[in-house]
Amino acid sequence: MLPPSWTPPSTPAFAPTPDPLTPARDITHEHFHAGDQIVVLKGVAGSELWGDAMRVVAPSWHTPTDEDGWRLRNADGGAQTYITAHPRYLVHLSGNCPDCLIYLRAMADHLLPKFTGHDDAVIDCGWYTTTALGQLVHIADARGGR
Ligand SMILES: [Zn+2]
C-alpha cells in the first residue's frame, strides 16, 4: 500500500462520480489567505483521497459562479500554472484547520466506500474542468446549477 499522496504517481483512471458535498459547502472567501497551501480534491488513490496541491496567490473573480475566488499557483500545472478557483473547491493542507478537516472527512466517508477493492488504483472522479481562460469549474457549477 502506498502512503497517502496529493500527487498521484500514475495517470488516473477516469470514473465520473457524483459529488454532492462540494457544491453544498459553506465556506467564506475570507477563510483563505495569500500564501496558504491548499489542495483541490480530484478523487481517490488506494484508500485515500488525492488532489492537486497548490498555493493561494491573490483574490480573483471567479467568472463561472460570478463570485469572489482565489488565484492559485500550481507548480506542476505547466501551461495552467495559474488558475482561478471558487473558495469551496479549496482545502487547507495544514491539517489543523477544523473547517477543512470536516469537509475532508465528509468527502472520505462519501467516496472511499465506493472504491473499496481498487487497491492502489488512482481514480479521477471527474469533478473539475479548467476553462480556456484559466478558470477552474466544478461540474455542478458548469451546469449552471445551484
Ligand atoms: Zn481551512
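Where is Thr28 placed, in terms of α1 and β2? Thr28 sits in the loop between α1 and β2.

## Model and numbering

This is a predicted model, in which local features need pLDDT of at least 70 and side-chain atom pairs count only at pLDDT 80 or more, while totals for chains, interfaces and linings use all residues. Residues are numbered from 1 along each chain as its sequence is written.

## Overall make-up

The chain comes to three helices and nine strands. Helices (H or I, at least four residues) and strands (E, at least two) are DSSP runs, numbered from the N terminus. Read from the N terminus, the order of elements is β-α-β-β-β-β-β-α-β-β-β-α.

The chain has 146 residues, and 31% of them count as buried. A residue is buried if 20 or more other C-beta atoms lie within 10 Å of its own, exposed if 12 or fewer, and partly exposed in between, with C-beta atoms placed from the backbone. Two residues are in contact if their C-beta atoms, placed from the backbone, lie within 7 Å. Of the contacts with a separation of 6 or more, 59% are between residues 24 or more positions apart.

Thr28 and Asp68 are separated by 40 residues in sequence, yet their C-alpha atoms are 9.3 Å apart.

Two strands pair if DSSP finds at least two bridges between them.

The hairpin of β3 and β4 has four residues between the strands. Asp66 lies in the loop between these two strands, β3 and β4. The phi of Asp66 is near 55 degrees, a positive value in a residue other than glycine. Most residues other than glycine have a negative phi. Asp66 is exposed, because 8 other C-beta atoms lie within 10 Å.

## Helix α2

Helix α2 covers residues 98–111, 14 residues in total; at 1.5 Å a residue it should span 20 Å, and its end C-alpha atoms are 20 Å apart, which agrees. The expected span is 1.5 Å times one less than the number of residues.

The buried residues of α2 are Cys100, Tyr103 and Met107. Seen down the helix axis, these buried residues fall within an arc of 60 degrees, so they line one face of α2. The arc is taken from the directions from the helix axis to the C-beta atoms. They pack against α1 (21–24), β2 (37–45), β3 (48–62) and β6 (90–92). On the other side of α2, Pro98, Ile102, Arg105 and Asp109 are exposed.

## The nonpolar core

A nonpolar core is a set of buried Ala, Val, Leu, Ile, Met, Phe, Trp, Tyr and Cys residues joined through C-beta atoms within 7 Å. The largest one has 27 residues, and those with the most contacts inside it are Ile38, Val40, Ala85, Leu90, Val91 and Leu136. Two or more residues each come from β2, β3, β4 (67–73), β5 (82–85), β6, α2 and β9 (136–138). β2 gives the most to this core, with six residues.

Setting aside neighbours within four places in sequence, Val40 is in contact with Gly51, Asp52, Met54, Ala85, Tyr89, Leu90, Tyr128 and Leu136.
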